Amino acid sequence: MGVALARSAQWTAARYGTRALETTPLNEAILEEIMMFVESFIYKHPQEAKYVFVEPLEWKTNLDPSAFESGYIVSETTVKSEEVDKDGQPLLFLSVPHIKIRSFGQLSRFLLTAKDTKLKEAQACIEANEGPVTKILGLDYNTMKEDTSVVNILDKITKEEDPASEIKMKLGKLLEQLDLHLLNHSLRHISLEIRLNPTIVKNDIELLKHFSGKGEQTVLESIDYTSDYEFSNGCRAPPWRQIHGEICYVLVKPHDVETLCITCSAEGVFLNGGKTNDEGEINYERKSEIYKDLVTFLKEKSAKFSENMSKQDVRFSEEWKKEKEEPKEAPKKEEAAAPRKALPASSKSMLEKNQINFGKSQMTKRLEPSLNWKATIDFKEHKSLLRDIQEEKRGGRLERSGPPVSPGRAQLIHKSAEKIEEMISESSSESEEDEEPPDHRQEANADLPSEYWQIQKLVKYLKGGNQTATVIALCSMKDFNLAQETCQLAIRDVGGLEVLINLLDTDEVKCKIGSLKILKEISHNPQIRRNIVDLGGLPILVNILDSPHKSLKCLAAETIANVAKFRRARRAVRRHGGITKLVALLDCAQNSGEPAQSSLYDARDVEVARCGALALWSCSKSYANKEAIRRAGGILLLAGLLKTSHENMLIPVVGTLQECASEENYRAAIKAERIIENLVKNLNSENEQLQEHCAMAIYQCAEDKETRDLVRLHGGLKPLASLLNNTDNKERLAAVTGAIWKCSISKENVTKFREYKAIETLVGLLTDQPEEVLVNVVGALGECCQEYENRVLVRKCGGIQPLVNLLVGINQTLLVNVTKAVGACAVEPESMMIIDRLDGVRLLWSLLKNPHPDVKASAAWALCPCIQNAKDAGEMVRSFVGGLELVVNLLKSDNKEVLASVCAAITNIAKDQENLAVITDHGVVPLLSKLANTNNDKLRRHLAEAISRCCMWGRNRVTFGEYKAVAPLVRYLKSNDANVHRATAQALYQLSEDADNCITMHENGAVKLLLDMVGSPDQDLQEAAAGCISNIRRLALATEKARYT
Amino acid sequence: MSYFLITRASSTIGTRSCLVNYFLLDWCTRGLSLSCIYLYFYFAVKKSEVECLLRVFHSLVEKANVRLNNFGLDRNAFRAILHSIFGMTDDMLMNRVFFAFDKDNDNCINAKEWVKGLSVFLRGTFEEKLKFCFEVYYLNGDGYISREEIFDMLKNSLHQQTSEEETDEGIKELVDITLKKMDYDNDGKISFADFEKAVKEERLLLEVFGPRLPEAKVQCQ
C-alpha cells in the first residue's frame, strides 16, 4: 500500500501543508481498492483484524457520533468502541471531529458505518496518515523491509517472542499483497496512456535484430530481450519496474565490446547493472548516462556499430543527422510516422528502406536494451509475493526518477496519439492518386536540354545572390515553361527545390512570392509534390497561410492545393494545423460582404477564399481531413461561399462539398444548411465543371429521402433532366445521371422526370457511353421501371434490348443495376417476351455464377419476375443445363441477401411440378431446413414461401419435419413483419398436412399464435392460419377418436 | 486671412472637424507653407495622413537643425531618415531616392516634396510607384536604364566568390539575364516602356534593382 500510495497516487501540487489527493480516476480506483480490502478484512481475516496497530490512524471525520450503533459507547461528542486492547484502551475513539482507530476490525466496521461517505473518509484517512504501513506495523517493521531480504524479516519476526509476531507478519504480507495489487491496478491505468510506446521499442529492436548476426558486415552480433514474456501492454519489464517507465531490458552483443545489458525506458536508454551472477536477476541500477535512443547509445559504446551502421546506409545517417538538426518537432513526427507502415516488410531486398525507417524511428522512440532476464522470467512470474516486493523495494530505492507521469511521457503519449490517428486515416478510403509514382531522376550524362543548364545557372543566383539577385533569378525562372516536365525536374535536380523551399522560410516577401509562384507551377508534377513533402515544405507553406499578405496566402494555398494530392501530404497538412488555417481563409470573403470595404480588397479577399477552397478541395480527399474541416467550422463557411456568384470560387467550394458529402455528418449538414438550394441553383450555371460538381454533390446526398425531396422542391430535377441532353462531357454526364439515379428513388421525382422526358433520354444513353455513365443510367432506369407507365415507356423506346445486352458486362456495380432494371422490366409480360426472345433469362441465370454476392442476389431477384411472367416458364427453366442445381447450391451461400433472393427464385421455380421434382432431387429440402434458424425477416419471408412451395412434392412435408424446419417456422409468427406472417402461415398450413409436423407445431405453441393470425385483415393469412389450425385440430380429434374406440 | 482659407479648404472637402481646423491653425501659426495644406487635394493620401506626414516632417526638420532660410531636409538628413525608418542600406540607392524626391533639384526636400514623395512611397498607386521606381533607377537623365547602370546597381548583389573576376563575371551574367527579361526592344537598355511592360507582367520586378519602396511588411502594418 505504501509504495503504491507514494508512487502512483496523484497528489496535488501542494506538497507542503495539508496533503490532498487529487480527484482523478486513478486515485479513485486506488481508494476503491483500498476500501474493498479494508471492508472485507474483518470477514476474510478475523484473526488479523484484532491486531492492534502500533500507532492509531488519526484523521478528521465528518461522521456523526449518532451514526454508531451497537458495540460502541456513544455520548454526545465522543464514541468509544466496546472492543479494547489489552491495556483497556478502546480501539476506536471518536472525539468530534477527531477519530483514532487502532485495528483493522474497527476500520472495517467504521467504513461500514460510514456507508455513503466512506470514500471521503478513506481519502481523509490516507491524506492524514503519511506512511500508514509504518503506523500499523511499527517503524521497525518498515526499516526491516529496507534491508530487502525476506529472510531477515522472517528472522526478526521469529526472533521476537511476542505471540503477536506471527499475526504481525501475516498482516505485513497481506498489506504487501494489497500493495502489489494496487501497483498492478495503477499500472493498467498508466499503461493505457502510453500503450503505443512499447510497440515502438519493439519494432526498433526487431529491426536491429534484422541487421544483426555473425559476420563483419552486420551492425551487431546479437540483440535479445532478457525476457520472453511480454505483458499485455507490450512491456517486458516486470510490473513494478514499469511504474518507473521501464519498458524492457535488452542484451546487446556488439562486435567489439562485451555484452551490454541495457534498460529501455520512457526516459531513454542506459546501461544497467547487468545480470547478477547466480540467479540471472538484473541489477536495475543505472550505470551510464541516459542516451536518447538505442542508436546513440550503441554508437557511443561500440565503434564497430557506428562504422557498420554508416556503411550499411549512408543515407540513413544523413537523414538521421538532418533530423537531429531539425529544430522543429513537427516534421520529425511526420517523417517518423510515415515510414511506420513499411516496418513490417522485412525482406532482404528492403534492406535499405528499412535502414532509413530505422533511423527515423529512432528519433521519436526510445529504445531500451535489457539484461539477461530471459531464463528467469517465468520462474520470476510465479515467485512468491514477498520476493517480488523485495525486488520492488530495492528498485524503488535505486530509481532516480520522479513522479510517474513525467513530461517526457506526456510527450510520448502525445506521439502515440498521433500514431493512432495516422493509422485511422491510413485505413480510410483514400484510394485515388495515392500510388506514389516511381522516382526517376534524369541521367546525368543523358542529353540534357539547354533549359537544364540555364536553370542551373539561375539556381546558382538563387543560392548566392542577395534578395535583388534572387528576385531577378526567380522572375526569369518563371519565364521557363514550368508546365514542362523537363523544367520541373531540372529545377529539382540542380537543387533548386531546396532553395525555393528555403526561401519560404525567410522574411523577404518578394522572394517568397517569387518562390511560391514557381512552386505552384511545378507542384503539378507528382514527383515534385512528393519531393516538396520530403523536404518539409508543407509545414512552411501552412505557416505562410498566417501571413498578413494576401497574395502570399493565395499562393501558399494554391501550392498546397497542388501538393496535397496524395495521402502523405494531406496528412502532413492536417498534422500541422493547416486545415484550420485553410478554413480560416474562407472567412475572408464573408467579411467583404460589408459595403465599407473597397472593391479592390473585395476581389483580393475573394481570391484568398477561392485559394483556400481550392486547397481544402485537395485535402478533403482524406477522411480525417473531412472531419478536421468539419470541426474547424468549414461547412458553414462553405455554405456561405456557395451563395456568392463568383464562378471560379464556386467550383472548388462545390468540389469540396461533393468530396465531403461521402460522410454522413456532412450530408446532414448539407441538408440543414440549405446547401441543396444553392447546389440546384448552380446546376443552372454556364460552367460545365460547376454543373458537374453540383450534380455530383446531389448524387452523394440524395441517398437521403428528405434531400431528394429538397432537390425537387427547389426545382433541381428540370436542370438535371435537361443536362442529360448534352452528352459530350462524359464526366458531367456521369455526375448528372448519378444525381438522377439517386433522385429517382423517390416516386414523386420519377413522375417529374417522366414529365421532363428524361426517361426517353436515359434510354438513349444506354449505348455508347462509358461505364460510369452506364451504371448511373441503368440505375436510374431500374428505379423508374418500378412504375408501370415507365416500364411501358422503356419498352416503347426500345430500351430492353440494350439493357439485356449489358447483362454480359463485367463491372459489378453495373451488373447489379442492370439485373435490377431487367428484373423491373420483366414484371411486364410484354417486356418479358422481348427479354425471353433476347435470351435475357439465360444471361441472368449465368450471372448466378458471378463471384460477387451482390450480383448473384440481384440476378436471382431479377429471375423471379422472369419466371413468373415467361410463357412456358417451366420448360424454359429446364432448358438451362445445370441451372437448377446451380440455384439449389446457392442456398449454401452465407450472404443473407443472396439466400433470400435464391429462396424467392426457388419459390417461383417450384411452381412447376417437374422442376420441383428436380430441385427436390438436388436436395433443396435439407438446405432450406438448415436456413430456418434466422432472424432476418426478409430471408424468413422468402424462406417460408419457398418451403410452402416445396411442400407440394412427394414426401417433402415429412422431410422438412425430419430436418427440424417446423419449430423455427413457428417462431417466425412472433416476428413483426406481416409478410413474414403470411408466408409462414402458408408454409405451416402446407406442413400441417403431415401429422408429425402438427405435433411439433402444437408443442411449440403454434395454435395460439395462429389463432391471433386468424383475426388478421389479410385474407391469405387468415385462410392459411385457419387451415393450419383445422389440420391440427383434425389430428387431435382423430387421436381422441382412436383412443376411445 | 489664412484662417479663412483654412476653413474654406476644409469645408470644401466636406469635413468640419474642429480638430482638423485646430491642427491646421496650429501649423499656420508655426509658419508652415500654406501650400502644403492643399496637398490633400492632389494626392491620394488621406487628410489625416497628410497631417501626420507634415508633423513628422516638422519634427524631423527641427531635429536636423537646418537653417531656417532653407527650410527642409538636406541629403544627409534625408538619407538618415531612409536608413532609420525604411531600413535602406545602400548608399547609392538612397542618393537616388533623394533625387527622386527632390523635384526642384535644390538639394533640399521641402514639405511639399516630402508629402508628395511619401504619398507615392507609402500609398502610391501602381502607376505612381512604377514611375517612381523608374526614376530612381535611371539617373543620368537620359530616360533609360543602361547596362552600366544596371551593373552598378547589381554589383553588390552576389556574395563574394573566390575572386573578384568571378564575381564580376557572375554579375555580368545576371545583367544579361535581366536585360534579356526586360529589354523588349533589344536596344541594350531599358526604356520606361520596357520597364512598364516587364513590371506589369511580373510585379515582382518593380524593385528589380534593389529595394526602393518600404518593405511589404511595413505596408501591411
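These notebook entries record what I looked up in a predicted model of chains A and B.

**Conventions.** I number residues from 1 along each chain as its sequence is written, with chains lettered from A and ligands numbered from 1 in the order in which they are written. Because the model is predicted, local features need pLDDT of at least 70 and side-chain atom pairs count only at pLDDT 80 or more, while totals for chains, interfaces and linings use all residues; side-chain values use heavy atoms, with hydrogens and water left out.

**Entry 1: chain A overall.** I looked up the secondary structure of chain A and found 60 helices and 10 strands. Helices (H or I, at least four residues) and strands (E, at least two) are DSSP runs, numbered from the N terminus. I then turned to contacts (heavy atoms within 4.5 Å). Among those in chain A with a separation of 6 or more, 71% join residues 24 or more positions apart.

**Entry 2: nonpolar cores.** I took a nonpolar core as a set of buried Ala, Val, Leu, Ile, Met, Phe, Trp, Tyr and Cys residues joined through side-chain atoms within 4.5 Å. The largest has 244 residues, and those with the most contacts inside it are A:I560, A:L582, A:W845, A:L928, B:F195 and B:F209. Helix α30 of chain A (residues 599–619) supplies the largest share of this core, 9 residues. A second, separate core has 36 residues, including A:I34, A:F53, A:I101 and A:I136.

I also listed the neighbours of A:I560. Leaving aside residues up to four places away in sequence, A:I560 touches A:L538, A:L541, A:V542, A:L545, A:V573, A:L582, A:A615 and A:C619.

**Entry 3: the interface of chains A and B.** Here 24 residues of chain A are in contact with 23 residues of chain B. The two chains bury about 2100 Å² between them, 62% of it on carbon and sulfur atoms; buried area is the accessible area (1.4 Å probe) that two parts lose on being put together, summed over both. In chain A, A:Y461, A:I472 and A:K510 lose the most area to chain B, together 29% of what that side buries.

The rule finds 4 salt bridges across this interface, each requiring a side-chain nitrogen of Lys or Arg within 4 Å of a carboxyl oxygen of Asp or Glu. I noted the salt bridge of B:E202 with A:K517, whose closest N and O atoms are 3.0 Å apart. On the side of chain A that touches chain B, α20 (450–464), α21 (467–478) and α24 (509–522) each give two or more residues. Helix α21(A) gives the most, with 8 residues.

Notes: Buried < 20%, exposed > 50% of the residue type's maximum accessible area, 1.4 Å probe, protein only.
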